[in-house]
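Dear colleague,

I am passing on the structure we spoke about, with the sequence alongside it. Please look it over first; my notes on what was found follow below.

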Amino acid sequence: MTGVRRAAIRYRARDLLSMRRSRLRRGPLLARALSLGAAVAMALSGCDDRVPKPVLVFAAASLEEAMLEVGAAYTRSTGVGVALNTAGSNVLARQIEAGAPADLFVSADARWVDELIARGHLDGASRRELLGNRLVVIAHPRASFSLATLGEIGGLGFRHLSLADPESVPAGRYARSLLAHTHTAVGTAWDQVAARVVPAPDVRAALALVAAEPEAVGIVYRSDVVDAAGKGVVVLLEVDREPDPPIRYVAALVRRAGRLTPGSVELLDFLDGEEAGAIFDRHGFPRPPRTARSSR
Amino acid sequence: MPADIAAALERSLLVASVAIAVMGPPAVALGYLMARRAFPGRDLLAAVLGLPLVLPPTAIGLLLLRLFGSGGPLGREVLGFDLGILLTWRGAVVACSVMALPLVVRTARVTFEGVDPRYEAMARTLGHGPIATFTRFTLPLATRGILAALILGFTRAVGEFGATVMVAGNIPGRTRTLASGIYAAQQAGRDREATLLVVVAVVVGLVSILASERLARGRP
C-alpha cells in the first residue's frame, strides 16, 4: 500500500470516527439509547449461533452430585451443555406442570412421572426406570445403638426417628413403606416407631438432624451416606430388601407445546448408557433389574 | 382438621410471644446503644446482626443446629447438660428470636435516633440518673416506635419457617406451627388444608401489620 493511500485511509477513518461521535451526540436521547441498545443486542445474539443450547434437566435432589458428574461427561463427549435444577421430586413436578422450561425430568419415584404423563406434560413413550437405591439406618457416631435387622428397630432406645416427610418426600415414603411391611412379634415396625417420627423437609435435613442429635436415628438413602463419615453419621444397617413399591428413579422427556426438545433424547440415552451407569454406581445408585427397565 | 389448625395457630402465637418477650428487651437495649454511642465495631455489629435478613433461613437453621447440637459450642458435651433446644418448642423460640432480631434492633435504633438526645441531656442536668432518664424521658418518647418494632418482630416470628423447621422439627402436635404446617400441607398436596392455613396466617398477619401501622401513625 502506498503512503498516500495509507494516509487517505487514516484521514477517512478519523473522519468517520468524528462523524460517528458527533452523530452520537446529536438527536433525542431516546433514539440514541435505542440504537445503542439495538447494537448491543445484535452483537450479543450474534454470538454462539452454532452452539446448541444446553439441555435443562430437572432431577431429584438426591441425584445432584451424580448428575453433575454425568452431565460433565456428556458435555465432554458431545459438546452439549447440561443445565441442572434439583429439588424434591414433588416440587419439580409442580414446576413442570406450571410450564417450567425443563427438557428432561428424573424423579425419585414413579408417582410424579406417571401423574405428569397422564396430564400430557411428559412423553409416555420415553418413560424409563434409570436407577435404584437402597435405604440405610443411620445414627450419631457417639450413640451406642446397634441393629442387626430392621425388625429390631422398634426396640432400639432412640427418642426420635428422623425421616424425610413421609407424607410428601419420596425418601420418607419409601422408609415408611419399608417399615410398614416389616413384621415383628408385636405388629409392624412402623407401628412401633410412628410416634417418634420427626418429618424433615428433605433427606439431607433428616441426615443433618441425626448428625446433631445422638438420641435420634434416621433412615436415608444409601447414596446419601456413600461417604458416611464425611456427613457426620454412622450406618447402623444397610437394608437390602426393597420397599414396596421399590425405589426407582424414573425419567421421561418433557413435552412443551406438544413437542420434545432436540438434544434431550440423546441425553436420556446417555443417562441409560454404560459410562453414566459407572458414575451413578460410584455414587450409590445401582441400575434396577433388567426386566423392569423397559418403558411401559 | 379444625382442631389441628387451632393447635398450630396457638403454637405459632405462643412461640412468637415468648420469642418477643425473651428477645425484645435486649434487642431494644441494643438498638438504643447503637443509636446513642458510636463505639468501635458498631458497624460490624450491625452487619452481623443483619445476617438473618441476608442469609437463607435454612442456612441460619443449620448454623443453629451446629450450635446447639451434640458436639457444638452449646451442646450437651460442652455445657455438661442438655439445654433441650433441639426438636422442642424452645428450639422454635430460639429460631424465631434469631430471625426476628434484626428487625427489632433496626426499628428500635431508628426510633431512638429520632428522639432528640437533648431531652436526655436536659434530664441529666436536672439531676436524673441514666436509668431514670431512659425510663422517664427517652422511653415514653419512643413508645410508639418500640411497640411497632416489637409487633414487626412478632409478625416475623409468626411467619418464620425455614430455620425453625431445622432446629425444632416439624412434628405435628408438638412443634408444628402455622408456617411449617402450611409448608407440609403444600408439599403433600393437601391443598385444601394448605389454603385454610394460609387464610388464617393472612388474617393474623394483617391484624398485626394494621396494629403496627396505627401505632406508627399514633393517636395524639
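Read from the N terminus, the elements of chain B run α-α-α-α-α-α-α-α-α-α-α, so far as one can say from a model that is predicted. In total, chain B has 11 helices and 0 strands, and its C-alpha trace extends over about 65 × 45 × 25 Å along the principal axes.

As to packing, 44% of the 220 residues of chain B count as buried, and among the contacts in chain B with a separation of 6 or more, 69% are between residues 24 or more positions apart.

Turning to the interface, the contact between the two chains involves 21 residues from chain A and 25 residues from chain B. About 1,700 Å² is buried between chain A and chain B, and carbon and sulfur atoms give 54% of that area. On the side of chain A, R94(A), P201(A) and A212(A) together supply 24% of the area that this chain buries against chain B, which is more than any other three residues supply.

Across the interface of chain A and chain B, 5 salt bridges are found. R94(A) also takes part in a salt bridge, with D191(B) as its partner, and the closest N and O atoms of this pair are 3.6 Å apart.

Note on methods: Residues numbered from 1 in each chain as written. Chains lettered and ligands numbered in written order. Predicted model: local features only at pLDDT ≥ 70, side-chain atom pairs only at ≥ 80, totals over all residues. Heavy atoms only, no water. Helix = DSSP H or I, 4+ residues; strand = E, 2+ residues; numbered from the N terminus. Buried < 20%, exposed > 50% of the residue type's maximum accessible area, 1.4 Å probe, protein only. Contact = heavy atoms within 4.5 Å. Buried area = accessible area lost by both parts, 1.4 Å probe. Salt bridge = Lys/Arg side-chain N within 4 Å of Asp/Glu carboxyl O.
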